[in-house]
Amino acid sequence: MDRNKLARVVGILVFLILLGGVVGAAWQARVRATEPAEQEPEPGVESSAYTLAKGDYSNLTDENIHLDQPVYDRYTLKQRLEKGLPTMLPALTHYTAEKVAYLTFDDGPDDVNTPAILDVLKAKGVHGTFYVLGSMVEKNPEVLKRIFAEGHAIGNHSYDHDYHRLYQNKESFVEEMEQTEEAIFKVIGMRPFIIRAPGGTVGMFTADYYEHLNLLGYVEHDWNVLTEDATAERPSAEKQIAYIDRRAAGHLKDNMALVLMHCNGGKEETVRALPGIIDNLRAKGYRFGVVTPITPQPW
């Protein structure tokens, strides 16, 4: 083969190689463009002890939420709004299939009565729901960690129970919910959906509160059974057990006894009453659960 022919062959081969490289690069770019972008892993620690909501709430279904497992969010409300994630929870069916008692404790965590209540619950094999104050969480973070570690549900009960500041309007109420969930989030790395309005919603909320909270994903529960342990009467343990016995007798709405108690300073009689309260409710055929978005409303 003469030199001219050899040069033409070599030139053709070089051209084909270059063309193949260009075509291959273009094909690889097209493939990468059509592949789904690798998503950043969501924060939070998964566990069989609780349900941790995904960013899009896709795992918040009737099948995934259980009576004995708290439900938390891996994001604060502020983070959801910043990331453009949904805030309003999906529609869920309230659980009414059997008699369930929800033992709830407000105004903690303190460092005396809350641990004593945790000891009773542990001895009885029962989980409760603790509606905590942000100011108390900041004072007693280790107690909150224990509540969480032992499988109890944590709810939001405002920052410091200041009615004047809290109930100025729906915006001031939500500000306190956010302030408290930030305090909770710093301790356990997640935030609760469930909240309880100090003093209850009756006479405190107007209609726009409910709509506003619903849009932001907060689920409020008052109560339908109480021990009167926050009244001026300061009832003895025996009286508290008697109140529960009377109020939980017969048929309650949705087969539910949502019991209000307190776990802060001065509630030593509540600690004494708790074993008897648990025994009384068990004798009435109740099983125990923690408050979640599938817990019926008491009103």
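Tutor: Buried means under 20% relative accessible area, exposed means over 50%, and partly exposed lies in between (1.4 Å probe, protein chains only). This is a predicted model, where local features need pLDDT of at least 70, side-chain atom pairs count only at pLDDT 80 or more, and totals for chains, interfaces and linings use all residues. Residues are numbered from 1 along each chain as its sequence is written, and side-chain values use heavy atoms, without hydrogens and water.

Student: Why is aspartate 106 called buried?

Tutor: Its relative accessibility is 3%. The cut-off is under 20%, so aspartate 106 counts as buried.

Student: What makes the contact of arginine 196 and aspartate 106 a salt bridge?

Tutor: A salt bridge needs a side-chain nitrogen of Lys or Arg within 4 Å of a carboxyl oxygen of Asp or Glu. Here N to O is 2.9 Å, so the pair qualifies.

Student: Why does this pair tie together parts apart in sequence?

Tutor: Arginine 196 lies in the loop between strand S7 (194-195) and helix H8 (207-215), and aspartate 106 in strand S3 (residues 100-108), so the parts are 90 residues apart in sequence. Helices (H or I, at least four residues) and strands (E, at least two) are DSSP runs, numbered from the N terminus.

Student: How do you know whether arginine 196 is buried or exposed?

Tutor: Its relative accessible area is 0%. That is under 20%, so arginine 196 is buried.

Student: Why is aspartate 279 called partly exposed?

Tutor: Its value is 38%.

Student: How many salt bridges does the whole structure hold?

Tutor: The search finds 22.
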